[in-house]
Amino acid sequence: MAKRFETEVLHSIHTKQKGIKSKATPIYQTSAFTFNDLDELEGFYQGEGSYLYSRVGNPNTDELGQSVAALEYAEDGVAASSGLAAILAGVLAVARNGDHIVAADDVYGGSFHMLKAELERFGIETTFVSFSDLDKVKQAIKQNTKLLYTESITNPLLRVEKLEEVISLAKNRNLTVLVDNTFATPLHVRPFLLGADLVVHSATKYIGGHSDVTSGVVVGKKELIAEARARIVNLGANLSPFEAWLTCRGLKTLALRMKAQSENARLLADSLSDNQNVAKVYYPFAEGEKGFGAIVTIELAEHVDTDLFFKSLGWVKIVPTLAGVETTVSHPLKTSHRALPPQAQAELGITYRLVRISVGIENSQDIIEQFKAALVLSGEKFNHR
């Protein structure tokens, strides 16, 4: 019988070992596993055993990869030490020296830097173009292009990708599609069901959900995940058992958290849309009756003192990341996108006045009142004219 998302997230996977009926999966906090004899050891290498060494595999990391794969309706999944490690594994499952990638120009700054500055050192070239114009994507494709890379909701300007169109273009050109689904989560969209080959999550964010773990997951087609797993193992990008256990624990409340945070984000975005101290609100209202995701990005009006705004936020913390249960703010120009060339920052609209708000599960009115108060204080000279 098919299960709805709220049920799936609790019951998608539960690792059972040797008939032990533990309600929660234990933490297999071990670097290695033992064998009775050399024949049993050899059996592992012949595919007959489960675990050898935690860099190669562990019940906790397997549970995380398989749980997210189940929620994405993907064939398989593997955990990694961070979201960026998961992205790297996904990319290297497809591309190698001499290959070319076409990526959206508005992806997360860390992804941009990895593709541009790091992978090009190893002979993998990336062209960044606006995926808002698929003609530009088509023009960027070369004979050696292997991969199209984008995000379901972009960071930090919250453009909702036209996944069906991107995937259709890729399939017509025999290209692989990798989608970062961190901001949307499987609650809002499942790219694999739409035809994407690989889907990645910075599980540090909404999958874990409590700002106490760093982890990543890549899911997708079985043969591609086998390649991604090999890259994680051989490059030492594996996740520790305890981090995997924490992430799985957080995953169980994903539906509750994401629904509450998305609703709060919609209310906050709506409340700021006509505020005289806000030049622009970025939030994909049109993507659903209750909004789409838990991030709201605002551009402060020119008369607002940006530094004073950040200082006036009271209980709202300033952090370089997002997606915990507490409402926080980030300054993309100084954090997530500081490695982008100045021209790229300017073209994307990553300015000093841009603020990314990660909306939490607090009372919505408390969140709204806190931001409105900070806006009044930081725009005080203008407001009292």
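Tutor: Residues are numbered from 1 along each chain as its sequence is written, and side-chain values use heavy atoms, with hydrogens and water left out. As the model is predicted, local features need pLDDT of at least 70 and side-chain atom pairs count only at pLDDT 80 or more, while totals for chains, interfaces and linings use all residues.

Student: How many salt bridges does the structure hold?

Tutor: Side chains of opposite charge can pair when their charged atoms come close. Here a salt bridge is a side-chain nitrogen of Lys or Arg within 4 Å of a carboxyl oxygen of Asp or Glu. By that rule the total is 16.

Student: Which residue forms a salt bridge with Lys-221?

Tutor: The closest N and O atoms of the pair are 2.9 Å apart. Lys-221 sits in the loop between β7 (216-220) and α10 (222-234) and its partner in the loop between α9 (191-194) and β6 (198-201), so the pair ties together parts 24 residues apart in sequence. (Helices, H or I of at least four residues, and strands, E of at least two, are DSSP runs numbered from the N terminus.) The partner is Asp-197.

Student: Is Asp-197 buried or exposed?

Tutor: Buried means under 20% relative accessible area, exposed over 50%, and partly exposed in between (1.4 Å probe, protein chains only). Lys-221 is partly exposed at 27%. Asp-197 has a relative accessible area of 4%, so it counts as buried.

Student: In which helix do Glu-263 and Arg-266 lie?

Tutor: Their side chains meet in a salt bridge at 2.9 Å, N to O. Glu-263 is partly exposed at 25%, and Arg-266 is partly exposed at 22%. They are three residues apart, about one turn of the helix, and that helix is α12 (residues 254-272).

Student: How many nonpolar residues line the second largest cavity?

Tutor: A cavity is a set of points on a 1 Å grid over the protein atoms alone where a 1.4 Å probe fits but cannot get out, and lining residues have an atom within 4 Å of a point. The lining is Ile-153, Leu-158, Phe-183, Phe-292, Gly-293, Ala-294 and Ile-295. Ala, Val, Leu, Ile, Met, Phe, Trp, Tyr, Cys and Pro count as nonpolar, Asp, Glu, Lys and Arg as charged, and the others, Gly among them, as polar. With one polar and no charged residues, the nonpolar count is six.

Note on methods:
1 Å grid on protein atoms, 1.4 Å probe; cavity = no way out; pocket = protein on both sides within 12 Å on 5 of 7 lines; lining within 4 Å.
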